[in-house]
Amino acid sequence: MQAWQVHENGEPSEVMRLQDVERPTPGDGQVLLKVRAANINFPDVLMCRGHYQVRPPLPFTPGVEICGETEDGRRVIANPALPHGGLAEYAVADAAALLPAPESLDDAEVSALHIGYQTGWFGLHRRARLEAGETLLVHAAAGGVGSAAVQLGKAAGATVIGVVGGADKAAVARELGCDVVIDRRSEDVVSAVKEATGGRGADVIYDPVGGEAYTQSTKVVAFEGRIVVVGFASGTIPSPGLNHALVKNYSILGLHWGLYNTRNPKLVQHCHEQLTELAARGVVKPLVSERAPLDGAAAAVQRVADGVTTGRVVVVPSLENGAAA
């Protein structure tokens, strides 16, 4: 089979190589899956660079989220067991963790429903306890993680403010349903949020960016507000001033969604049931901006690394080489 492999750490476009390799052999409790679609996540970028908290042995195949097909023809959502990731024709995954694919979504959409939407659901509902009528601020609202949070926020009855970088991404955020869109490249984020909220600020802030975005969050979080720290796509990990959190009376909430898979897997299943229902109602639908063939995976991962994509970029091995849809 064909699979992308990383033999040394660096930028994805430089270290990923498409090679002919043997199909992976499932271990105890694992199954072999045909990859129908593989969604690219920022952790794939970080693993290529050697900067992720999980460091699979070299060489490894990136791809932590797929829509796969079992030997009996069932479509499932899976997180491949590294080092045999999803940017390949076949992958292996733990059988106990497979989730049924919602019938309302196609393969590419299914592959993008899991990590980003589970992270959003746990962040907004389990950690921040978002309530209908509250104001939710989402940084990088047109991105893969942010777009999921926007849809889930609207589904929860919140007023959603989306912060984006550039006019094209602003248009995407409006299409996603943001009530207010702020272009950080042409507007002052802090002033714009205060104006949009009548000076009150945002009740919940969803931050997958870190860096300057986190600093802005501390200036616009409402009384008894909650800042959910989801990631650091900016590359800068903030050092919060706890005295500031004290005097403004807000909470800083960390979210590591992957821990729920081991600490409380029943919650992951419950969340999937909620997401499946929302997808069936058309309330959430992963924004797949690009479907790339397998031979275009390295370039696609690099585009995610460079922050030039909107929504989700999905690799579909059945697409003809050199073609993208």
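Buried means under 20% relative accessible area, exposed over 50%, and partly exposed in between, with a 1.4 Å probe and protein chains only. This is a predicted model, in which local features need pLDDT of at least 70, side-chain atom pairs count only at pLDDT 80 or more, and totals for chains, interfaces and linings use all residues. Residues are numbered from 1 along each chain as its sequence is written, and side-chain values use heavy atoms, leaving out hydrogens and water.

Q: Is F122 buried or exposed?
A: The relative accessibility of F122 is 0%. Because of that value, F122 counts as buried.

Q: How many aromatic pairs are there?
A: Rings of Phe, Tyr and Trp (its six-membered ring) pair if their centres lie within 6.5 Å, with planes under 30 degrees apart counted as stacked, over 60 as edge-to-face and the rest as tilted. By this rule the count is 2.

Q: Which aromatic pair is edge-to-face?
A: The centres of the two rings are 5.3 Å apart, and their planes make an angle of 80°. The edge-to-face pair is W121 and F122.

Q: What parts does the pair of F122 and Y260 tie together?
A: F122 and Y260 form a tilted pair, 4.2 Å centre to centre with 35° between the planes. Helices here are DSSP runs (H or I, at least four residues), and strands are such runs too (E, at least two), numbered from the N terminus. Because F122 and Y260 lie in separate helices, the pair ties together parts 138 residues apart in sequence, namely α4 (residues 115-127) and α10 (residues 260-263).
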